[in-house]
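This briefing sets out the strand architecture and selected residue details of the structure shown below.

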Amino acid sequence: VQLQASGGGLVEAGGSLRLSCAGSGSIFRLMGWYRQAPGNQRELVAHITRDGTTNYADSVKDRFTISRDNAKNLVYLQMNSLKPEDTAVYYCQAKDLFFKDYWGQGTLVTVSS
C-alpha cells in the first residue's frame, strides 16, 4: 500500500495551492490530510469518507476544501486564502477497510507573509 503526495510549494499569503495524494494497493474508507509545523504536533487538517462526508479543522474551515475520486484512489486538498500559519509539512493519510492507518511522505507548504 502506498500513498504518494504532491503539490506543495512556496506561496504568498492569500494565495492558493492544491495538494494531491494518490493511493494504491487498497480500498480506503477514509482519506485525509494532516500537517505538522516545526515544534508542533501533527494535527488533522481534513478528512473525507468514501461517501463524501467531510470533517475540517476549525482553523481551515471555509478556506480549504477536501475532495476525492474513489475510482482513482485520489484525494485532493484545495487550499485558498493561505496564511503564514498554514506553513507546515502536509501528510496524506488513509484508513483501509480494516481501519489500518497508512501515511504518505510529507509535502512542504510554505506561506510567506
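Asparagine 73 is found in the loop between strand 7 and strand 8; strands here are DSSP runs of E of at least two residues, numbered from the N terminus. The model is a predicted one, in which local features need pLDDT of at least 70, side-chain atom pairs count only at pLDDT 80 or more, and totals for chains, interfaces and linings use all residues. Residues are numbered from 1 along each chain as its sequence is written, and side-chain values use heavy atoms, with hydrogens and water left out.

**Loop residues with positive phi**

- Asparagine 73 has a positive phi of about 55 degrees although it is not a glycine.
- With a relative accessibility of 11%, asparagine 73 counts as buried (buried means under 20% relative accessible area, exposed over 50%, and partly exposed in between, using a 1.4 Å probe and protein chains only).
- Serine 81, in the loop between strand 8 and strand 9, also is not a glycine and has a positive phi, of about 50 degrees.
- Serine 81 counts as partly exposed, at 40% relative accessibility.
- As background, most residues other than glycine have a negative phi.

- An open sheet of 4 strands has the order 1-3-8-7, with antiparallel pairing (two strands pair if DSSP finds at least two bridges between them).
- Strand 1 (2-6) and strand 7 (64-69) stand at the edges with a single partner strand each, so one side of each is left without a neighbour in the sheet.
- From one strand to the next, the twist averages 15 degrees (axes are lines fitted to C-alpha atoms, and angles run from 0 to 180 degrees between N-to-C directions).
- Strand 3 pairs with strand 8 (residues 74-79) in the antiparallel sense over 6 bridges, and serine 20 has tyrosine 76 in strand 8 as its bridge partner.

- Strand 9 (residues 88-96) is mostly covered, with 7 of its 9 residues buried.
- On one side, strand 9 runs antiparallel to strand 4 (residues 28-36), joined by 8 bridges; tyrosine 34 has tyrosine 91 in strand 9 as its bridge partner.
- Strand 9 also pairs with strand 10 (residues 101-112), in the antiparallel sense over 7 bridges.
- In strand 10, valine 109 stands opposite alanine 88, and leucine 108 stands opposite valine 89.
- Strand 4 is joined to strand 5 (residues 43-49) by 6 bridges, and the two run antiparallel; leucine 30 has threonine 49 in strand 5 as its bridge partner.

**Hairpins**

- The hairpin of strand 4 and strand 5 has 6 residues between the strands, and glycine 39 there takes a positive phi near 80 degrees.
- Strand 5 and strand 6 form a hairpin with 4 residues between them, in whose turn glycine 52 has a positive phi of about 95 degrees.
- In the hairpin of strand 9 and strand 10, which has 4 residues between the strands, phenylalanine 99 takes a positive phi near 65 degrees.

**The disulfide**

- The structure holds 1 disulfide (a pair of cysteine sulfur atoms within 2.5 Å), formed by cysteine 21 and cysteine 92 with their sulfur atoms 2.0 Å apart.
- Cysteine 21 lies in strand 3 (residues 17-24) and cysteine 92 in strand 9, so the pair ties together parts that are 71 residues apart in sequence.
- The torsion about the S-S bond of cysteine 21 and cysteine 92 is about -85 degrees, so the disulfide is left-handed.
- Both cysteine 21 and cysteine 92 are buried.

**Arginine 68**

- Arginine 68 lies in strand 7.
- The backbone oxygen of phenylalanine 28 lies 2.8 Å from a polar atom of the arginine 68 side chain, and the backbone oxygen of isoleucine 48 lies 3.1 Å from a polar atom of that side chain.
- Arginine 68 is buried yet has no salt bridge (a side-chain nitrogen of Lys or Arg within 4 Å of a carboxyl oxygen of Asp or Glu).
- The nearest side chain of opposite charge to arginine 68 is aspartate 51, 7.6 Å away (Lys and Arg count as positive and Asp and Glu as negative, while His and the chain ends are not counted).

Notes
A polar contact is a pair of N or O atoms within 3.5 Å; within protein, one must be able to donate a hydrogen and the other to accept it, and residues adjacent in sequence count only if both atoms are side-chain atoms.
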